[in-house]
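Student: Could we go through this structure together, one question at a time?

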Amino acid sequence: MLFATLAAGEGLDVLNPATENRIATVRSYSPEEIAGLIERADAARPVWAARTAKDRAVVLRRWHDLIMARQDDLAALVTAESGKPLAEARGEVAYGAAFIEWFAEEGKRAYGETIPTFAPGKRVLTIRQAVGTCAAITPWNFPIAMITRKVAPALAAGCAMVVKPAEATPLSALALEVLAHEAGIPADLFRIAPTDDPAGVGTLFCTHPLVRKLSFTGSTRVGQILMEQAAANVTRLSLELGGNAPFIVFDDADLDAAVDGLMASKFRNAGQTCVCANRILVQDGVHDAFVAKVAERVAGLVVGDGAASGVTIGPLINRAAVGKVRELVGAARKAGASVISGGKQSDAGAGFFEPTILTGVRPDMAVASAEIFGPVVPVIRFVDEADAIRIANDTPFGLAAYFYARDMGRIWRVMEALEYGMVGVNDGIISTEVAPFGGIKHSGLGREGSRHGLDEYLELKYCLMGGIDR
Ligand code: SIN
């Protein structure tokens with residue numbers, strides 16, 4: 001362990017979702033203590049901001065290298081506290097580190113511009129400057145990558161950052177903090193502050209006058225509350241909220257590729273990502289063949305403790321998550337859906353749900369309109385392209401969508417018609433540090449990753465220089 005843990009009950013108890021055993025207890029910070037961390041971060045910020053982008057990049061690169069050197073240790077922590085299988089956890093560590101490498105470089109390209117003047121004797125230009133001291137609230141489903149995706153651009157831009165990690169997964173976050181400080185990131189500039197008062201800390205982040213920007217990944221409901229609270233201070237926000245991703249299989253699709261894409265998209269982290277395929281829309285002519293192929297692959301999934309070798313589906317984050325998935329499946333069944341496989345809690349334990357396929361699902365069923373966050377494949381049959389687009393867009397969410405087709409005209413039409421921030425065409429995994437991640441409608445504001453992710457931590461200042469000809 002990279003940091004000290006406390007006795008049970010003395011702080012925030014961290015449980016292993018596979019065994020439900022306590023694995024550590026970490027210090028829980030009160031909102032008042034976190035206000036102190038914000039003030040210290042703000043005091044440390046000017047010196048960091050005054051360093052060159054290249055200098056900041058060297059430090060960030062060291063952080064990246066330290067993370068990758070401890071990839072296996074970090075992956076073990078991620079698995080222990082979030083439940084995801086070890087191979088996925090190793091992948092998440094690399095994914096998370098990649099944001100640091102990317103933004104270390106991108107920070108060097110925070111260009112301003114000169115603008116052709118509108119009057120003799122005057123010159124027009126812009127510069128881009130760090131937003132200031134920032135805060136972040138991060139989720140349990142990617143306890144490393146969702147932190148680095150926010151902290152790396154903030155630090156690269158010259159900001160300070162205080163992070164509240166998810167109550168369920170503070171250990172990986174604290175390990176990241178230790179490695180950041182070892183890399184040379186000033187201790188006060190970047191702090192991880194676990195708390196058992198998430199609502200109080202959310203309010204603090206939205207209303208503290210020194211917090212100029214808050215980045216949040218989590219549910220749409222909490223995002224809306226934060227947005228209301230942030231209004232008083234006009235705090236800048238990035239919100240990465242819920243999704244309801246359609247995964248559309250047209251009758252001209254390469255079915256085997258579509259099955260591969262669905263397995264990757266749906267069962268990543270046992271279905272607990274906001275870009276997981278949530279509704280599977282399959283065209284009439286290929287419906288039965290597609291379902292049969294998916295059923296064959298689902299039968300090969302291995303449910304169990306993510307730390308055990310060969311396991312491909314770990315536990316859900318807690319029993320409440322299992323209960324929610326059970327209810328969605330039960331309600332769909334009652335409303336006429338058929339269970340092709342799975343459908344209940346797994347024999348692996350109270351925290352596990354069987355990989356499940358439902359057919360005969362209608363768009364109005366809760367399993368097709370709520371974000372499932374579990375290993376369930378609800379299949380909706382559709383007739384033609386217009387039908388698929390109508391069903392896919394009939395949701396307040398607009399994060400990720402996927403479709404499989406080969407006709408080039410159809411590919412362009414559907415890609416343009418889908419009202420989503422991200423569209424995977426003939427691919428089920430879209431996440432990468434080089435591309436802009438984010439949604440529209442109730443799925444959020446702003447983008448993370450790519451060169452656009454740096455803009456979230458920069459202000460654009462327009463400068464007019466007069467008196468040039470005098
Ligand atoms: C998320 O579920 O919030 C993020 C998923 C990803 O980065 O791929």
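Tutor: Let us begin with the domains: 22 residues of domain 1 are in contact, meaning heavy atoms within 4.5 Å, with 25 residues of domain 2. This is a predicted model, in which local features need pLDDT of at least 70 and side-chain atom pairs count only at pLDDT 80 or more, while totals for chains, interfaces and linings use all residues. Residues are numbered from 1 along each chain as its sequence is written, and side-chain values use heavy atoms, with hydrogens and water left out.

Student: What distance separates the centres of domain 1 and domain 2?

Tutor: The domain bounds come from an automatic or database assignment, which gives domain 1 as 4–241 + 443–463 and domain 2 as 245–425. With the centres taken over C-alpha atoms, the separation is 31 Å.

Student: Which domains supply at least three residues each to the shell around the ligand?

Tutor: The ligand is surrounded by 13 residues (a heavy atom within 4 Å), with Tyr95, Arg149, Arg268, Cys274 and Ser431 the closest. At least three residues of this shell come from each of domain 1 and domain 2.

Student: How far is a polar side-chain atom of Glu240 from an oxygen atom of the ligand?

Tutor: Polar contacts here are pairs of N or O atoms within 3.5 Å. A polar side-chain atom of Tyr95 lies 2.7 Å from a ligand oxygen atom, and an N or O atom in the Asn141 side chain lies 3.1 Å from one. For Glu240, the distance is 3.2 Å.

Terms used. A polar contact is a pair of N or O atoms within 3.5 Å; within protein, one must be able to donate a hydrogen and the other to accept it, and residues adjacent in sequence count only if both atoms are side-chain atoms.
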